[in-house]
Amino acid sequence: MSGIAKAGFSFLKNLVKGKSKTSPTISSVKTNVPTTKLEKATSKLNIAKHKTKMSKAKLDQTMFNIDQATKKAKGRMIDKRNEKIVKKFIGEK
């Protein structure tokens, strides 16, 4: 049996027997609350780093979108110019 199946089986067995209704693998989750000044400062620093990283990612994505839009616009302009040249060559107006 896999680990998940064993945990589910033991959970159901305990449920039928009337024992504890909590999962055997997850008994408790500790909170992450900074208490000292150092922990608070470290937490704020990590948050600031993450915000900076996400701002850079957003800026990079915006720059990429602008670059793609300019390439697409240049392509359309070249196509229109080529179309005019072909029409002049054929003799259409």
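Glu83 is partly exposed, with a relative accessible area of 45%; the term covers values between buried, under 20%, and exposed, over 50%, taken with a 1.4 Å probe and protein chains only. The side chain of Glu83 forms a salt bridge with that of Lys87, at 3.4 Å from N to O. A salt bridge here is a side-chain nitrogen of Lys or Arg within 4 Å of a carboxyl oxygen of Asp or Glu. Lys87 is partly exposed too, at a relative accessible area of 34%. Because Glu83 and Lys87 are four residues apart in helix α2, about one helical turn separates them. Side chains of opposite charge can pair when their charged atoms come close.

The model is predicted, so local features need pLDDT of at least 70 and side-chain atom pairs count only at pLDDT 80 or more, while totals for chains, interfaces and linings use all residues. Residues are numbered from 1 along each chain as its sequence is written, and side-chain values use heavy atoms, with hydrogens and water left out.

The chain has two helices and zero strands. Both kinds of element are DSSP runs numbered from the N terminus, helices being H or I with at least four residues and strands being E with at least two. Helix α2 covers residues 37-90. Its 54 residues, at 1.5 Å a residue, should span 80 Å, and the end C-alpha atoms are 79 Å apart, which agrees. The expected span is 1.5 Å times one less than the number of residues. After α2 comes Gly91, with a positive phi near 110 degrees.

The salt-bridge rule gives a count of three. One of them joins the side chains of Asp60 and Lys56, at 2.9 Å from N to O. Asp60 and Lys56 are four residues apart in α2, about one turn of the helix. Asp60 is partly exposed at 36% relative accessibility, whereas Lys56 is exposed at 52%. Another salt bridge links Lys71 with Asp67, at 3.8 Å from N to O. These two residues also lie four apart in α2, about one turn of the helix, and Asp67 is partly exposed at 35% relative accessibility.

The surface also carries patches, which are made of residues with over 30% relative accessible area and no salt bridge; like charges are joined within 9 Å, and nonpolar side chains (Val, Leu, Ile, Met, Phe, Trp, Tyr) within 5 Å. A patch of positive charge gathers Lys72, Arg76, Lys80, Lys84 and Lys88. For charges, Lys and Arg count as positive and Asp and Glu as negative, with His and the chain ends not counted. Lys88 is located in helix α2 and is exposed, with a relative accessible area of 71%.

A nonpolar patch of about 370 Å² is made by Val86, Phe89 and Ile90. Val86 belongs to α2 and is partly exposed, at a relative accessible area of 45%.

For the chain as a whole, buried residues make up 2% of the 93 residues. The accessible surface comes to about 9100 Å², with 63% of it belonging to carbon and sulfur atoms. Accessible areas come from the Shrake-Rupley method with a 1.4 Å probe, and for residues only the protein chains shown count as cover.

Key
Charge placed at Lys NZ, Arg CZ, Asp CG, Glu CD.
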